[in-house]
Amino acid sequence: MRAADADRQVVAEQLRVALDEGRLDLHEYDERLRRAYGARTYGELDALLTDLPGVTPPAAARLAVPEGQPVVPGTLPAGRPATSRWLLQVWLPYLQVVPIVLAVWAIASAVAGDLLYFWPGWVAGPWGALLLIRTVGGLAGGEPQRWTEKRERRRQRKRAKRDRRR
């Protein structure tokens with residue numbers, strides 16, 4: 001049976017935990033991680049975990065889902081979907097800046113005693129439109145999963161660098 005991106009991500013997380021526990025060395029972790037992201041079937045993913053104690057292979061985990069409960073693709077072991085993390089990363093600066101700009105406009109209008117020209121629209125409007133285009137394009141093109149994989153590789157490099165210093 002073919003594996004989904006969510007299954008590959010679960011295996012990557014289990015491999016990271018095995019690395020943290022000292023069950024895998026960095027070279028073996030890197031090799032298995034590459035094979036995990038290149039895997040097409042559950043069998044290929046299961047083979048990466050067979051010699052590691054305390055992990056549930058993706059095929060077994062998929063079969064263990066109680067009937068009637070949906071399997072949510074893109075869900076990470078931490079319980080937060082990759083898509084929501086990516087959306088938060090994309091939209092958070094906008095959601096932080098626009099209220100500040102609106103507050104500055106509101107305070108200036110209150111001090112002036114009259115509603116001033118609504119210049120925050122020139123900040124929020126174009127920026128929001130660009131973010132909307134990026135969001136639609138990113139979701140259609142699988143950007144959340146690529147972003148998550150890139151983030152995991154960055155964490156792996158930092159961890160390896162930290163381990164080399166020790």
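Salt bridges come first, so I note the rule: a side-chain nitrogen of Lys or Arg has to lie within 4 Å of a carboxyl oxygen of Asp or Glu. By that rule I get a count of 11 salt bridges.

Ground rules for these pages: this is a predicted model, where local features need pLDDT of at least 70 and side-chain atom pairs count only at pLDDT 80 or more, while totals for chains, interfaces and linings use all residues. Residues are numbered from 1 along each chain as its sequence is written, and side-chain values use heavy atoms, with hydrogens and water left out.

**Entry: the salt-bridge network**

Which residues are linked in a network of salt bridges? I find Glu-13, Arg-16, Asp-20 and Arg-159. I looked at two of the pairs. Arg-16 and Asp-20 meet through their side chains at 2.5 Å, N to O; both sit in helix H1, four residues apart, or about one turn of the helix. (Helices are DSSP runs of H or I with at least four residues, strands are E runs of at least two, and numbering starts at the N terminus.)

Asp-20 also pairs with Arg-159, at 3.3 Å, N to O. That bridge joins distant parts of the chain, since Asp-20 is in helix H1 and Arg-159 is in helix H7 (residues 143-165), 139 residues apart.

Buried or exposed? My cut-offs are under 20% relative accessible area for buried, over 50% for exposed and partly exposed in between, with a 1.4 Å probe and protein chains only. Arg-16 counts as buried because its relative accessibility is 17%. Arg-159 is buried too, at 12%. Asp-20, at 44%, is partly exposed.

**Entry: a pair in H2**

Arg-35 and Glu-31 form a salt bridge at 3.6 Å, N to O. They are four residues apart in helix H2, so about one helical turn separates them. Arg-35 is partly exposed at 44%, and Glu-31 is partly exposed at 34%.

**Entry: cores**

A nonpolar core here is a set of buried Ala, Val, Leu, Ile, Met, Phe, Trp, Tyr and Cys residues joined through side-chain atoms within 4.5 Å. The largest one has 16 residues; Val-11, Leu-15, Leu-24, Tyr-29, Ala-36, Leu-45 and Leu-52 touch the most other members. Helices H1 (5-21), H2 (26-38) and H3 (42-47) each supply at least two residues, and H1 gives the most, with five. I also noted a second, separate core of eight residues, including Trp-86 and Trp-147.

**Entry: Leu-139**

Leu-139 is in helix H6 and is partly exposed, at 42%. Setting aside neighbours within four places in sequence, I see Leu-139 in contact (heavy atoms within 4.5 Å) with Thr-83, Trp-86 and Pro-144.

**Entry: Trp-122**

Trp-122 is also a helix H6 (residues 120-141) residue. I call Trp-122 exposed because its relative accessibility is 61%.

pLDDT is the predictor's confidence in each residue, from 0 to 100. The chain averages 83, and 84% of the residues score at least 70. I flagged residues 63-79, where pLDDT stays under 50 and the model has 16 contacts beyond four places in sequence.
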